[in-house]
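Hi,

Here is the structure I promised to pass on to you. My notes on what turned up in it follow just below.

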Amino acid sequence: VVFQVIKCKAAVAWEAGKPLSLEEVEVAPPKAREVRIKIVATAVCHTDAYTLSGADPEGCFPVILGHEGAGIVESVGEGVTKVKPGDTVIPLYIPQCGECKFCKNPKTNLCQKIRITQGKGLMPDGTSRFTCKGKQIYHFMGTSTFSEYTVVADISVAKIDAAAPLDKVCLLGCGISTGYGAAVNTAKVEPGSTCAVFGLGGVGLAVIMGCKVAGASQIIGIDLNKDKYAKAKEFGATECISPQDFKKPIQEVLAEMTDGGVDYSFECIGNVGVMRAALEACHKGWGVSVIVGVAAAGQEISTRPFQLVTGRTWKGTAFGGWKSVDSVPKLVTDYMSKKIKVDEFVTHTLPFDKINEAFELMHTGK
């Protein structure tokens, strides 16, 4: 088979802090153990905006961002057995090689096989498959879904139900899976429990959905933006509050509302002050607080050690604890059988050349 270089459109981030630029790029053929994918749909996530802002210590430019996508396999490199051209797939920013000690350990989903090259914006062999105007363009999170075609490692692909609507299930590539898994995998929310969810964006809504599926009796949504409350209640929040409406710290308000604190709390913003409040809003003796949001580089969390001595647990989660290759196809199946919501997360659908407008909508909380 003679593979061709594909010329297509991609949104290139030439430098930090500037809007994305729609360009014609060249996408090289897949090398051994690589897969080239025609991206049909992509979503935008705050993590893309965080790297674009220049605050990400791993950010390299110029780069093609995007990590919530879905598409069709166009071609595969030598040695690829799990997928073939024509398969419907979701690219995975956390791969699953099945061989490293992380993949072999049931306690984690953090495959480390290609972590170092992925963090440098390169394919596992240390090179890039993207060029534009004669310049090498970096990959992002091993996925780069802001391109009509992308190349990923074969361990970074989940083959999914061909009948799934790609403009919806692309969201299972990050946000929905992350929030839902934070509740059901990381916290292991129990029936009848009380929960607090800080931040009611896409991830927060997915946490609420997970808490509801797990049978929580009280789910309190917390956000400064009251426009988000109606949606949160649609997903299962029993009530929503704003810290600005109270004279006292939000953790004290929650302790009063829940007879001593919640059983489970989730921080879905990436704000270290809110992370502290989320821990301290947990019930003494058994409360568990999960950090889901990604804080800016160099920031640190703090609390009084007594909070932990008296029986609270502080945890974190990445991609909701799902082992990606195994779990993403099952999440698609759960969506197809109406066990989890996906369509309801989509607020706007825009053509690719309006990608900067999509970022604006995200920044304004719309």
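**Strands first, then helices**

Strand β5 (residues 88-91) and β4 are joined by two bridges and run antiparallel; strands count as paired if DSSP finds at least two bridges between them. Across that pairing, I72 stands opposite T88 in β5. β4 (residues 68-76) also runs antiparallel to β3, with eight bridges joining them, and G71 in β4 is the bridge partner of I39. Seven of the nine residues of β4 are buried (under 20% relative accessible area, 1.4 Å probe, protein chains only). Helices (H or I, at least four residues) and strands (E, at least two) are DSSP runs, numbered from the N terminus.

A word on the source: this is a predicted model, where local features need pLDDT of at least 70, side-chain atom pairs count only at pLDDT 80 or more, and totals for chains, interfaces and linings use all residues. Residues are numbered from 1 along each chain as its sequence is written, and side-chain values use heavy atoms, leaving out hydrogens and water.

Helix α1 (residues 46-53) has D48, A49, Y50, T51 and L52 buried. Those buried residues pack against β3 (34-43) and α12 (355-363), with contact meaning heavy atoms within 4.5 Å. Just after α1, G54 has a positive phi of about 95 degrees.

Finally, G175 and Y180 are among the α5 residues that meet α6, where V203 and M209 are among the partners.

Happy browsing!

Key
Buried means under 20% relative accessible area, exposed over 50%, partly exposed in between (1.4 Å probe, protein chains only).
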